[in-house]
Amino acid sequence: MADDEANSSVEANRVEIGFDGGQVMVARLGAEQLDALKQAVASTDKLASEAGGWYELESTDGAISLDLRKVVFVRRAAASHTIGFSGA
């Protein structure tokens, strides 16, 4: 079980989710969760009904409920930054 947790944290992407109004939240998502979120945001069905706008997202920090009608962007952060000199 510890190996599963270690692998999921290594594979997690830092993702910024921007909302109408300017708020931005950061979440750590696995590749599958990120792909599913992108598909849900791109779906035209998200505007079909009030209930259809809510999306349950499972991040490494826990469950997040998003109103997809308010999401304006999803951005995967660049590779992790390092401090100091590289070995090159």
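The model is predicted, so local features are reported at pLDDT of at least 70 and side-chain atom pairs at pLDDT 80 or more, while totals for chains, interfaces and linings use all residues. Residues are numbered from 1 along each chain as its sequence is written, and side-chain values use heavy atoms, with hydrogens and water left out.

The mean pLDDT (the predictor's confidence in each residue, from 0 to 100) of the protein is 79, and 67% of its residues reach 70 or more. Helices (H or I, at least four residues) and strands (E, at least two) are DSSP runs, numbered from the N terminus. Confidence is lowest in helix H1 (residues 2–11), with a mean of 49, and highest in strand S1, at 95. Residues 1–9 have a pLDDT below 50, and beyond near neighbours in sequence this stretch has one contact in the model; contact means heavy atoms within 4.5 Å.

Three strands form an open sheet in the order S2-S1-S5, with antiparallel pairing; two strands pair if DSSP finds at least two bridges between them. S2 and S5 are the edge strands, each pairing on one side only. Neighbouring strands of this sheet are turned by 25 degrees against each other on average, direction ignored. Axes here are lines fitted to C-alpha atoms, for helices over the stretch in contact, and angles run from 0 to 180 degrees between N-to-C directions.

S1 and S2 are joined by six bridges. Asn13 stands opposite Leu29 in S2, and Glu16 opposite Val26 in S2. The hairpin of these strands has four residues between them, and Gly21 takes a positive phi near 110 degrees. S1 is joined to S5 by five bridges, and Ile17 stands opposite Val74 in S5. Six of the seven residues of S1 are buried, so this strand is largely enclosed by the rest of the structure. Buried means under 20% relative accessible area, exposed over 50%, and partly exposed in between (1.4 Å probe, protein chains only).

Helix H2 (residues 31–42) lies across S1, S2 and S5, running at about 150 degrees to S5. Its buried residues are Leu34, Leu37, Ala40 and Val41. These cover an arc of only 130 degrees around the axis, which puts them on the same side of H2; the arc is that of the directions from the helix axis to the C-beta atoms. On the other side, Glu32, Gln39 and Ala42 are exposed. The cover over the buried residues of H2 includes strands S1, S2, S3, S4 and S5.

Key
Expected span 1.5 Å × (residues − 1).
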